[in-house]
Amino acid sequence: TSMSLPHASLPTWILSSAATRSHQALHKRLTEAGFTGYEYRCLSTLATAAPLSQRELGDAVALDPRDVTHTVRALEARGLVTREQDPSHGRRVLVALTPAGRRAADRMAPVMAAVQDQVFGRLNPKERATLLNLLERVG
């Protein structure tokens, strides 16, 4: 017989458990697709807003400057982004997707949709929208 633990009904406990399972599912799918979470965040952001300075990219994806630099360099080494000096600002580096980077970002859309379905598959679309609204209010 399963004993009901007092903490098991606390919203913070349930949210933490769900976040852990969600993160594991996301990490597994991203790894299978050949990307880290940071790389995905940068690619998807650049797909909608490029070119951005490394600082703007970091702000958009909520990464510290060191992580942005490391991630952008890794993406550049794979031919997915370019880094160029901003002609109007000597110290600013602009980051943009290459055509291969654009294709990689496009390929990630169904991967991310599959993660959403895996994690939230027991919820209908209205329930998903309600959950998202509530989480945005909490977050």
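Reply: Helices here are DSSP runs of H or I with at least four residues, strands are runs of E with at least two, and both are numbered from the N terminus. The model is predicted, so local features need pLDDT of at least 70 and side-chain atom pairs pLDDT 80 or more, while totals for chains, interfaces and linings use all residues. Residues are numbered from 1 along each chain as its sequence is written, and side-chain values use heavy atoms, without hydrogens or water.

Me: What volume does the largest pocket have?

Reply: The largest pocket comes to about 570 Å³. A pocket is an open set of points on a 1 Å grid over the protein atoms alone, where a 1.4 Å probe fits, with protein on both sides within 12 Å along at least five of seven lines, and lining residues have an atom within 4 Å of a point. Points are joined across faces, edges and corners, and the volume is the space filled by probe spheres set on them.

Me: And which residues are closest to its centre?

Reply: The lining has 18 residues, and Ala-18, Arg-21, Val-119, Phe-120 and Leu-131 are the closest to the centre.

Me: Which elements supply at least two residues of that lining?

Reply: They are α1 (11–33), α5 (99–120) and α6 (125–138), with α1 giving the most, at nine residues. By type, the lining of the largest pocket holds 12 nonpolar, four polar and two charged residues, where Ala, Val, Leu, Ile, Met, Phe, Trp, Tyr, Cys and Pro count as nonpolar, Asp, Glu, Lys and Arg as charged, and the others, Gly among them, as polar.

Me: OK, what lines the second largest pocket?

Reply: That pocket, with about 150 Å³ of space, is lined by Gln-54, Arg-55, Gly-58, Asp-59, Leu-63, Pro-65, Val-68 and Thr-69. Two or more of these residues come from each of α3 (54–61) and α4 (65–77), and α3 gives the most, with four residues. The lining of the second largest pocket divides into three nonpolar, three polar and two charged residues.

Me: What is the phi of Ala-62?

Reply: Phi of Ala-62 is near 55 degrees, which is a positive value in a residue other than glycine. As background, most residues other than glycine have a negative phi.

Me: Is Ala-62 buried or exposed?

Reply: Ala-62 is exposed, with a relative accessible area of 64%; exposed means over 50%, buried under 20% and partly exposed in between, with a 1.4 Å probe and protein chains only.
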